[in-house]
Amino acid sequence: VKGNHPQGLALVTRIYLMQAMEKEFGKVAYCKKPPTTGDPETDVAFVQFVNQQDAERAVAALRKGLGVSTTWTDITLDITGDWKPGEGGKGRGGGSTF
C-alpha cells in the first residue's frame, strides 16, 4: 500500500490502516507499516488478509485508488496498492498479502 500524498503514508498509523482495511474488506491477519520517511515513493505498508477473497477485493479497489479518511487531520488520503512482489497473492500462513 502506498499513499498518494506529498507526505506518503505519514498521515496514517498502522492501526488506523488496519482498521480501515478490515472495515472495507474483511478480517486482517497482519499489517506492517515501517517508519515513515515522508517520501511517497518509498513509504509502503503491507496488509495480509485472513481470506483470499477479501484480499482480491482489496487489491482490485487499491489498483484503482481508494480514499482513506484521516480524521485527525481532516485529509482524505488516496492510497494505492497491489500484490506484494514475489508473493503472487499468497501470503505465508494461508492468507493473502499485498
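**Note on the predicted model**

1. T37 is placed in the loop between β2 and β3. T37 counts as exposed because its relative accessible area is 55%, and the cut-off for exposed is over 50%. Leaving out residues up to four places away in sequence, T37 touches T42 and D43. Its side chain also reaches the backbone nitrogen of D39, at 3.1 Å. G8 is 29 residues from T37 in sequence, yet the two C-alpha atoms are 7.8 Å apart in space.

2. The overall layout is as follows. The chain has two helices and six strands, and along the sequence they come in the pattern β-α-β-β-α-β-β-β. Of the 98 residues in the chain, 39% are buried. Its accessible surface is about 5500 Å², and carbon and sulfur atoms account for 51% of that. Taking contacts between residues at least 6 apart in sequence, 58% join residues at least 24 apart.

3. K33 deserves a separate look. K33 is in the loop between β2 (28-32) and β3 (46-49), the loop that also holds T37.

4. What the side chain of K33 does have is backbone oxygen atoms close to its polar atom. The backbone oxygen of V12 is 3.0 Å from a polar atom of the K33 side chain, and for the backbone oxygen of L9 the distance is 3.4 Å. The contacts of K33, not counting residues up to four places away in sequence, are L9, V12, T13, R14, V44 and A45.

5. Helix α2 covers residues 52-64, which is 13 residues. From first C-alpha to last it reaches 19 Å, close to the 18 Å expected at 1.5 Å a residue. Its buried residues are Q52, D54, A55, A58, V59, A61 and L62. An α-helix has 3.6 residues a turn, so residues three or four places apart point the same way. After α2 comes G65, which has a positive phi near 105°.

6. Salt bridges in the model number three. Side chains of opposite charge can pair when their charged atoms come close. One of the three lies inside α2: R57 and D54 are both in that helix, three residues apart, about one turn. Their side chains meet at 3.6 Å, N to O. Are the two partners buried or exposed? D54 is buried because its relative accessible area is 12%, whereas R57, at 44%, is partly exposed.

7. A second salt bridge joins the side chains of D82 and R63, at 2.8 Å from N to O. This pair links distant parts of the chain, with D82 in the loop between β5 and β6 (96-97), R63 in helix α2, and 19 residues separating them. D82 is partly exposed, having a relative accessible area of 37%.

8. The remaining salt bridge is between E22 and K27, whose closest N and O atoms are 4.0 Å apart. E22 counts as partly exposed because its relative accessibility is 27%. K27 is exposed, at 53%.

9. I79 gives a view of the interior. This residue lies in strand β5 (residues 75-80). Why does I79 count as buried? Its relative accessibility is 1%, and buried means under 20%. Setting aside neighbours within four places in sequence, I79 is in contact with V1, K2, G3, L9, L17, M21, L62, G65, L66 and V68.

10. Several of these contacts tie back to earlier points. L62 is a buried residue of α2, and G65 is the residue that follows that helix. L9, another contact of I79, is also touched by K33. K64 and I79 are 15 residues apart in sequence, and their C-alpha atoms are 9.2 Å apart in space.

Key. Residues numbered from 1 in each chain as written. Predicted model: local features only at pLDDT ≥ 70, side-chain atom pairs only at ≥ 80, totals over all residues. Heavy atoms only, no water. Helix = DSSP H or I, 4+ residues; strand = E, 2+ residues; numbered from the N terminus. Expected span 1.5 Å × (residues − 1). Buried < 20%, exposed > 50% of the residue type's maximum accessible area, 1.4 Å probe, protein only. Contact = heavy atoms within 4.5 Å. Areas by Shrake-Rupley, 256 points an atom, 1.4 Å probe, with all protein chains shown as cover. Polar contact = N/O pair within 3.5 Å; in protein donor to acceptor, adjacent residues only side chain to side chain.
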